[in-house]
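Please look through the structure shown below with the following paragraphs at hand.

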2 protein chains.
Amino acid sequence: MTTSTTSLVDELRAALPDGQLVDDPQIAESYRHDEAEWAPYGTPLAVVRARSTADVQAVVQACLRHRVPLVTRGAGTGLSGGANAVEGCVVLSTEQMTAVLEVDPVERLCVVQPGVVNDDLRAHVAGFGLWYPPDPASSPWSTIGGNVATNAGGLCCVKYGVTRDFVLGMEVVTGTGEVVRLGRRTAKGVAGYDLTGLMVGSEGTLGVVTEVTLRLRPARLPEHTVAGYFDSVVAAGDAVRAVGAAGLTPSALELVDRHCLAAVDAWKNMGLSTEAQVVLLGRTDTPGAAGDAEADALLACFESAGATWAARSTDQEEADALFAARRLAYPALERLGPVLTEDVCVPIAAVPSVLGRIEEIAAEHDVLIANIAHAGDGNLHPLIITPPGDEPARARAMLAFDEIIVAALAAGGTVTGEHGVGLLKRPGLADEVGPAVMAMQRAVKQALDPAGILNPGKVV
Amino acid sequence: MTTSTTSLVDELRAALPDGQLVDDPQIAESYRHDEAEWAPYGTPLAVVRARSTADVQAVVQACLRHRVPLVTRGAGTGLSGGANAVEGCVVLSTEQMTAVLEVDPVERLCVVQPGVVNDDLRAHVAGFGLWYPPDPASSPWSTIGGNVATNAGGLCCVKYGVTRDFVLGMEVVTGTGEVVRLGRRTAKGVAGYDLTGLMVGSEGTLGVVTEVTLRLRPARLPEHTVAGYFDSVVAAGDAVRAVGAAGLTPSALELVDRHCLAAVDAWKNMGLSTEAQVVLLGRTDTPGAAGDAEADALLACFESAGATWAARSTDQEEADALFAARRLAYPALERLGPVLTEDVCVPIAAVPSVLGRIEEIAAEHDVLIANIAHAGDGNLHPLIITPPGDEPARARAMLAFDEIIVAALAAGGTVTGEHGVGLLKRPGLADEVGPAVMAMQRAVKQALDPAGILNPGKVV
């Protein structure tokens with residue numbers, strides 16, 4: 001350990017209130033990486049659990065003085081390695097900054113610290129008759145700060161948009177160690193460049209978010225649920241395309257295949273494994289008779305695409321169980337072995353063909369690929385599962401991962417719909433946008449993080 | 001004229017197809033400024049009306065070689081001076097790039113050149129059963145390129161959002177003269193920093209937009225209209241606050257005062273001047289019985305806030321005439337004399353008090369201030385009108401303009417809701433965001449326009 005780094009830890013200990021610098025090596029170990037099983041990670045020099053903006057600023061300024069990398073993280077549920085420790089970095093967790101500072105029902109906004117858990121925020125604002133739509137499958141654990149860092153999506157996005165659509169403003173500790181406010185509290189605003197939107201999805205590489213002002217919506221009405229069984233992912237994909245072509249905007253349109261349902265059953269004994277190869281779950285929250293008509297229209301799309309069985313759910317518990325299974329699919333599959341998670345997003349019309357291509361890729365490389373998808377917006381999550389300790393299978397999984405990216409780009413898609421670039425999608429990003437845009441991205445990074453300390457090696 | 005600049009014009013003439021370099025001095029004169037009556041403008045060295053991306057790239061590269069400023073513009077309907085010529089610049093108009101390149105009903109997107117007029121696009125996509133929501137009052141004349149440059153808003157924003165919410169991707173000629181594609185065609189995507197969102201609202205200072213991919217929505221249902229008369233702008237503001245507090249999301253909520261109605265009547269003889277001091281126009285496009293209930297709830301808000309008369313319109317023609325008057329207010333007032341247009345946006349709860357303060361400011365400075373407002377999102381457009389040639393009145397108008405900005409910022413608002421910073425709001429922007437954020441804005445500008453040729457002196 002060099003003198004310089006020794007003094008960084010000493011400086012942090014002196015600058016921060018007791019208990020924020022993590023001394024326990026076992027606890028520190030748990031902060032080394034996120035949920036991206038396949039992405040590399042290093043050993044941090046120090047781990048800090050901040051409680052205030054002042055704490056964060058002290059950490060950023062110390063890192064600046066010592067030119068030490070700073071990796072900020074929330075709950076660590078990320079799936080691209082964006083929060084993985086860089087060797088010799090400081091890991092800064094904002095998970096203990098959990099205050100909901102304000103909820104304003106007239107302006108329909110709230111102001112929160114970054115460590116508030118997504119589901120906790122949703123429950124809190126529900127008490128005001130309000131709703132925060134972005135609902136990543138990680139919502140019981142993931143924090144708003146992490147959601148902002150990755151521009152998290154979720155089930156509702158097909159109708160209501162992603163995290164960026166709900167971030168009005170934020171407080172940020174900048175790459176030069178200053179505390180600034182970006183954005184606004186008003187419904188509209190064009191005062192200068194959209195630095196708020198730029199920060200969203202930037203994975204801690206352009207600044208550290210210490211407070212977020214979020215737009216809210218009025219509480220929504222109960223949804224109608226439509227479920228369909230299909231014999232193949234391609235047939236289910238045809239139904240998704242039919243929904244788009246019919247001009248429908250469901251409030252959710254999710255695909256879950258039999259691998260996922262079986263894994264959930266094996267874990268939670270929910271009795272979902274069925275004769276279906278693929279289940280498609282549609283919802284609509286349009287009010288009144290129009291909502292009824294929309295649910296019927298969804299059903300007609302499922303049937304016209306060849307559903308082996310399809311019905312509107314009349315039982316809310318049953319409907320909720322199906323969506324709960326969707327949310328549990330990822331942790332259920334993780335119990336079977338390391339999971340390499342894809343996150344491509346393709347045009348709606350390409351959903352059937354790309355799902356078909358993914359099946360071919362699984363067969364070609366002899367790997368198990370389970371499929372969940374926010375199918376309504378073309379956001380596919382092929383999950384490549386390998387037996388624990390099977391290195392040849394891991395190598396084959398990596399090849400399959402790369403080929404899925406090729407297939408998505410060939411279909412006019414993007415390498416990441418909602419999980420972010422992190423480490424896993426850096427090569428894919430360069431393939432997608434090309435050298436001139438990569439140069440623009442790097443120029444923006446250099447402009448806002450001139451010392452290059454903020455989560456270096458991620459995104460760009 | 002220096003050798004360098006002579007050869008720039010020669011170079012442009014050689015590089016561009018016949019007719020694109022404007023030789024007629026009278027025509028060139030019309031390209032010197034936008035509709036911001038009060039903002040300064042210079043004399044351009046050359047005016048180019050481009051027809052293709054290649055033309056734009058040739059102009060940018062020529063300006064780079066000669067280090068000559070480039071001011072890009074659409075129809076010139078801007079209200080902040082963003083398109084005003086810088087002395088000795090090249091003015092580049094994209095108004096002749098009018099192709100709608102693609103409309104895709106399944107993906108609900110279209111790809112257009114920047115010169116397509118907003119209303120023309122809306123009419124075109126309506127033929128596919130689709131709808132492009134952003135509807136600035138300038139929609140019969142303003143272009144999508146200009147809308148993107150200013151992140152234009154409009155009447156529908158209170159429910160459907162602003163231009164940025166509908167821009168999925170774009171082709172841009174960069175500050176280094178390259179042609180790049182930003183963004184995506186998919187519903188979601190987080191592949192790198194949001195350079196697309198950064199370009200929207202950047203007023204031609206970070207790149208020249210040569211093609212835009214826009215998100216569309218299904219055609220919407222007919223709206224219910226509710227009209228209310230009020231004795232004061234403050235009472236009308238109370239009704240706006242009541243709508244927010246009731247959890248309603250109208251599809252439009254517009255305020256028009258008697259000065260505006262009288263000016264429209266004087267011009268178009270529509271017979272709108274009434275006993276009302278202020279008219280509030282609300283609309284809802286929620287389907288079926290829920291829409292009926294929402295219209296009734298709007299009406300109840302109007303009445304509870306003290307409307308002297310309020311009713312749901314049963315006559316679509318009458319309702320459309322009221323909204324047409326709203327759209328005609330600005331050109332109607334311009335007939336009376338130079339108009340200095342404000343564009344502050346304040347929290348909903350502050351609408352009544354800020355409208356009251358604007359009345360005081362008008363009295364204090366002895367100027368006529370007419371009010372139109374996208375009231376539902378707190379976006380106020382006080383229009384300060386002075387008699388033609390009355391220089392002392394112009395000076396008083398400037399003082400009133402500055403004081404409205406002070407009032408909006410004190411209420412937690414922003415200096416510009418939808419017109420952009422341009423020239424008129426540069427001091428206000430610095431007041432609003434402070435020196436650290438201004439430094440970040442300038443760093444981004446420097447990163448993407450290292451030669452400093454793109455619309456210098458605007459925004460930052």
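In which sense, parallel or antiparallel, do β2(A) and strand β3 (residues 90–93) of chain A pair, and over how many bridges? The two strands pair in the parallel sense over four bridges, where pairing requires that DSSP finds at least two bridges between two strands, and where strands (E, at least two residues) and helices (H or I, at least four) are DSSP runs numbered from the N terminus. The bridge partner of A:L70 in β3(A) is A:V90. Within strand β2 (residues 70–73) of chain A, A:L70 and A:T72 point one way while A:V71 and A:R73 point the other way, and all are buried, buried meaning under 20% relative accessible area, with exposed over 50% and partly exposed in between (1.4 Å probe, protein chains only).

Before going further, note that this is a predicted model, in which local features need pLDDT of at least 70 and side-chain atom pairs count only at pLDDT 80 or more, whereas totals for chains, interfaces and linings use all residues. Residues are numbered from 1 along each chain as its sequence is written, chains are lettered from A and ligands numbered from 1 in the order in which they are written, and side-chain values use heavy atoms, with hydrogens and water left out.

β5(B) runs antiparallel to β9(B) and is joined to it by four bridges, with B:T213 in β9(B) as the bridge partner of B:V111. Strand β7 (residues 167–174) of chain B also runs antiparallel to β9(B), here with seven bridges between them, and B:E171 stands opposite B:E211 in β9(B).

Both β9 and β5 return in the surroundings of helix α4 (residues 118–126) of chain B, in which B:N118, B:L121 and B:V125 are buried. These residues cover an arc of only 60 degrees around the axis, which puts them on the same side of α4(B); the arc is that of the directions from the helix axis to the C-beta atoms. The buried residues of α4(B) pack against β4 (100–104), β5 (109–112), β6, α5 (144–150) and β9 (207–215) of chain B.

Over all chains, a search of the whole structure finds eight aromatic pairs, a pair being rings of Phe, Tyr and Trp (its six-membered ring) whose centres lie within 6.5 Å, with planes under 30 degrees apart counted as stacked, over 60 as edge-to-face and the rest as tilted. One of them is the edge-to-face pair of B:W131 and B:Y160, at 4.7 Å centre to centre and 85 degrees between the planes. Because B:W131 lies in strand β6 (residues 130–131) and B:Y160 in helix α6 (residues 157–160) of chain B, this pair ties together parts that are 29 residues apart in sequence. Both B:W131 and B:Y160 are buried. The rings of B:Y229 and B:W309 also have their centres 4.7 Å apart, but their planes stand at 45 degrees, so this pair is tilted. It links B:Y229 in strand β11 (residues 224–230) with B:W309 in strand β14 (residues 309–313) of chain B, 80 residues apart. At 18% relative accessibility B:Y229 counts as buried, while B:W309, at 41%, counts as partly exposed.

Two loop residues other than glycine have a positive phi. For A:R108, phi is near 55 degrees; this residue lies in the loop between β4 (100–104) and β5 (109–112) of chain A and counts as buried at 12% relative accessibility. For B:E203, phi is likewise near 55 degrees; B:E203 lies in the loop between α7 (195–199) and β9 of chain B, and is buried with a relative accessible area of 6%.

B:I348, in the loop between β15 (339–341) and α12 (351–365) of chain B, is buried at 9%. Leaving aside neighbours within four places in sequence, its contacts (heavy atoms within 4.5 Å) include A:V106 and A:E107 as well as B:V240 and B:R241.
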